[in-house]
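Reader: I'd like to learn how to read a fold like this one, feature by feature. Could you walk me through it?

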Amino acid sequence: MVRGARPANPPDRAFRPVRTCVGCRKRASTSELLRVVATESEDGVFVLEPDPARVRPGRGAHLHPEPTCLALAERRRAFGRALRVTGVTDAGALWKLLGTSEGGAPPRPTSKVGRPT
Ligand SMILES: [Zn+2]
């Protein structure tokens, strides 16, 4: 008697959601990308907030957690398009998370080397 003639498990790649990075436009699995949601503040600015757990309601944009992709996304206004928001988007929280300051320059490490005590 042969049991299990039907494929019980889907192929490996079936359960691997893929999204496009709003910065570099490359496709990657959701585990590699940071989900970003927009929250409208009182003054009409859409504050972009990271949603690493992917639990926030509403539309989400996906981004590689890298300053280069964030810079690209901002330059292209990709967040507004991906999140269907019009107006100003504030990516300050994302820049903070990715450990760099707006403008592209990497933060200078505070060095204590060579300082006499
Ligand atoms: Zn990217």
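Reader: Let's start with Pro67: which residues is Pro67 in contact with, leaving aside its neighbours within four places in sequence?

Author: Two residues are in contact if their C-beta atoms, placed from the backbone, lie within 7 Å. Here, with those sequence neighbours set aside, Pro67 touches Leu98 and Thr100 in that sense. Its C-alpha also sits 7.2 Å from that of Trp95, 28 residues apart along the chain. Before we go on: this is a predicted model, where local features need pLDDT of at least 70 and side-chain atom pairs count only at pLDDT 80 or more, while totals for chains, interfaces and linings use all residues. Residue numbers start from 1 along each chain as its sequence is written.

Reader: Where does Pro67 sit, and why does Pro67 count as partly exposed?

Author: Helices (H or I, at least four residues) and strands (E, at least two) are DSSP runs, numbered from the N terminus. Pro67 belongs to helix 1, residues 67-75. For burial, count the other C-beta atoms within 10 Å, all placed from the backbone: 20 or more is buried, 12 or fewer is exposed, and in between is partly exposed. Pro67 is partly exposed because it has 19 C-beta neighbours inside 10 Å.

Reader: And over the protein chain, what share of the residues is buried?

Author: Buried residues are 21% of the 117 residues. Of the contacts with a separation of 6 or more, 59% are between residues 24 or more positions apart.

Reader: Okay, on to the layout. In what order do the elements run?

Author: From the N terminus, the protein chain goes β-β-β-β-β-α-α-β-α, with 3 helices and 6 strands.

Reader: How should I read the sheet, and what is the strand order?

Author: Strands of a sheet pair through backbone hydrogen bonds, either parallel or antiparallel. Two strands count as paired if DSSP finds at least two bridges between them. In this case an open sheet of 4 strands has the order 5-3-4-6, with mixed pairing. Strand 5 (61-63) and strand 6 (89-90) are the edge strands, each pairing on one side only.

Reader: Which pairs run antiparallel, and which parallel?

Author: Strand 3 (residues 34-40) runs antiparallel to strand 5 over 3 bridges, with Val36 opposite Ala61. Strand 3 and strand 4 are antiparallel too, joined by 5 bridges, and there Thr39 faces Val47. Strand 4 (residues 46-50) pairs with strand 6 in the parallel sense over 2 bridges, and Val47 stands opposite Asp90.

Reader: What does Gly44 do in the hairpin of strand 3 and strand 4?

Author: That hairpin has 5 residues between the strands, and Gly44 takes a positive phi near 80 degrees.
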